[in-house]
Amino acid sequence: MSIPLATPFYVVLAKEYTGDSISNLGLLVVLSGIANVVSSPLWGKFADRSSRKMMAVVALIGIATGIYSLLYPLFNFDNYEIYLFAPVILFNNVAHAGARLSRKTYLVDMAPEDERPTYVSLSNTLIGLFTILAATFGVISSLISNQAQIGFFMVMMIASIGFAFSLKEV
């Protein structure tokens, strides 16, 4: 969940770093679509081999994206352009597509065949509840910086790598 939750913070950082207006939000939306179209076939093949390893790779991509977003001001670009920050949005969406697919694939492969609908509905319900709970991150972000919030999400991604490797291969 830390990958999709980071998206609005990346958009705010893009505005903060580049000074560009919200009119560039269209570029970020287009990048989101491109990321999903391009990454889906690759993630599908990866999930067929090992959805648990895919979870770890997805978290690594999320961490790399966070690092780039936090180091962006240090790159000393002559002109902070939204296009130079765009990889953050692109790779975050690639990672988000992989995270969703790896979770679903692992769940379906792990669940007994006759209980898959129950497992899937429970999983979807829990994700929905967690999404509601995650709204508190917006409140927390008013108390800390966007950079600190992204750092927190990166810590969650590091923990998820450990959890991914603790799962049994299915």
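I took helices to be DSSP runs of H or I with at least four residues, numbered from the N terminus. By that rule Ile 34 sits in helix H2, residues 25-49.

The model I looked at is predicted, so local features need pLDDT of at least 70, side-chain atom pairs count only at pLDDT 80 or more, and totals for chains, interfaces and linings use all residues. Residues are numbered from 1 along each chain as its sequence is written, and side-chain values use heavy atoms, with hydrogens and water left out.

Entry: The classes are buried under 20% relative accessible area, exposed over 50% and partly exposed in between, with a 1.4 Å probe and protein chains only. Pro 117 belongs to helix H5 and counts as exposed, at 58% relative accessibility.

**Entry: a distance.** I noted that 39 Å separates the C-alpha atoms of Pro 117 and Gln 147, which are 30 residues apart along the chain.

**Entry: the largest pocket.** A pocket is an open set of points on a 1 Å grid over the protein atoms alone, where a 1.4 Å probe fits, with protein on both sides within 12 Å along at least five of seven lines; lining residues have an atom within 4 Å of a point. Its volume is the space filled by probe spheres set on the points, which are joined across faces, edges and corners. For the largest pocket I found about 920 Å³. Of its 30 lining residues, Met 1, Met 55, Arg 103, Ile 127 and Ser 160 are the closest to the centre. Helix H4 gives the most to this lining, 8 residues.

Conventions
Helices (H or I, at least four residues) and strands (E, at least two) are DSSP runs, numbered from the N terminus.
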